[in-house]
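I set down each item as I looked it up.

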Amino acid sequence: MTALLRGRVVLIVAVVLIIQQALMDALKVRGAHPDLMLLLPIAFGLVGGSERGAAMGFVSGLLADLFVGTPFGLSALVYTLVGFGVGMTGGDRLGGGWWVTPLTATLASAAGVVLYAGLGAAVGEGQMLHAHLATVTIVVAVVNGLLAAPTARLARWAMNLGRPSGAWYTPVRSESR
């Protein structure tokens with residue numbers, strides 16, 4: 001990875017971290033707020049594969065751990081597992097329709113929230129399994145599903161992967177030109 005590409009990745013992580021801390025943490029739906037830091041490893045896993053998804057999960061999780069009161073490293077572990085798992089699915093390479101990226105992000109986000117709460121309870125943070133968990137899961141999954149396509153485009157740009165070969169990305173051109 002060149003210095004330019006590293007710079008792009010750092011820029012995306014910094015911008016998403018600022019948006020998360022400045023906007024998303026204040027945007028509450030029934031007490032739950034979106035988690036864009038979880039969306040980063042999902043997007044990088046979708047377009048770059050399991051290794052890049054896991055690497056992004058580790059970085060974004062460590063940064064997220066700086067702002068939460070749970071055991072340090074819990075977010076990094078969960079985000080790494082989510083990014084790796086999404087990368088293993090080959091979501092962006094499935095050749096499916098426009099819905100593959102948002103659906104994958106929605107399901108992976110829901111799994112990430114539940115895994116976070118489950119692992120948190122396993123390490124002694126039993127309060128993480130509460131009745132409000134369903135609301136948190138739905139809010140994070142829906143928002144990440146809605147923002148998945150533009151975030152995946154940013155991840156593709158950051159890694160200089162070009163455009164996907166899927167038909168929904170192909171520009172429509174007239175045959176007469």
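**Entry 1: helix 2 against helix 6.** I looked up this pair first. The axes of helix 2 and helix 6 come within 8 Å and cross at roughly 50°. Axes here are lines fitted to C-alpha atoms, for helices over the stretch in contact, with angles from 0 to 180 degrees between N-to-C directions. Helix 2 and helix 6 are therefore oblique to each other; angles under 35 degrees count as roughly parallel, over 145 as roughly antiparallel, 65 to 115 as roughly perpendicular, and the rest as oblique. I noted a right-handed crossing of helix 2 past helix 6, the term for a near helix turned clockwise from the far one by less than a right angle.

From helix 2, the contact uses Leu36, Leu38, Leu39, Leu40, Ala43, Phe44 and Val47; from helix 6, its residues include Val140, Asn144, Leu147 and Arg156. Contact means heavy atoms within 4.5 Å. By class I recorded 13 nonpolar, two polar and one charged residues. Ala, Val, Leu, Ile, Met, Phe, Trp, Tyr, Cys and Pro count as nonpolar, Asp, Glu, Lys and Arg as charged, and the others, Gly among them, as polar.

**Entry 2: basis of the model.** The model is predicted: local features need pLDDT of at least 70 and side-chain atom pairs count only at pLDDT 80 or more, whereas totals for chains, interfaces and linings use all residues. Residues are numbered from 1 along each chain as its sequence is written, and side-chain values use heavy atoms, with hydrogens and water left out.

**Entry 3: the whole chain.** I found six helices and zero strands in the protein chain; helices (H or I, at least four residues) and strands (E, at least two) are DSSP runs, numbered from the N terminus. Of the 177 residues, 44% are buried, that is, under 20% relative accessible area, against over 50% for exposed and in between for partly exposed (1.4 Å probe, protein chains only). Among contacts between residues at least 6 apart in sequence, 66% join residues at least 24 apart.

**Entry 4: helix 2 against helix 4.** Helix 2 (residues 36-48) and helix 4 (residues 74-89) pack at about 30°, with axes 7 Å apart. These two helices are therefore roughly parallel to each other, and their crossing is right-handed. Met37, Leu38, Pro41, Ile42, Gly45 and Leu46 of helix 2 meet Tyr79, Val82, Gly83, Val86 and Gly87 of helix 4.

**Entry 5: the core.** Which residues touch the most other members of the largest nonpolar core? In this set of 36 residues, they are Met37, Leu38, Leu40, Ile42, Phe44 and Val82. Such a core joins buried Ala, Val, Leu, Ile, Met, Phe, Trp, Tyr and Cys residues through side-chain atoms within 4.5 Å. Helix 2 gives the largest share, ten residues. Beyond four places in sequence, I found Leu38 in contact with Tyr79, Val82, Ser109, Gly112, Val113, Val140 and Asn144.

Entry 6: Gln20 is in helix 1 (residues 3-24) and counts as buried at 3% relative accessibility. Beyond four places in sequence, its contacts are Asp25, His33, Pro34, Asp35, Leu36 and Met37. Gly145, in helix 6, is also buried, at 7%. Not counting residues up to four places away, Gly145 touches Pro102, Ala105 and Thr106. Its C-alpha atom is 9.6 Å from that of Trp99, 46 residues apart along the chain.
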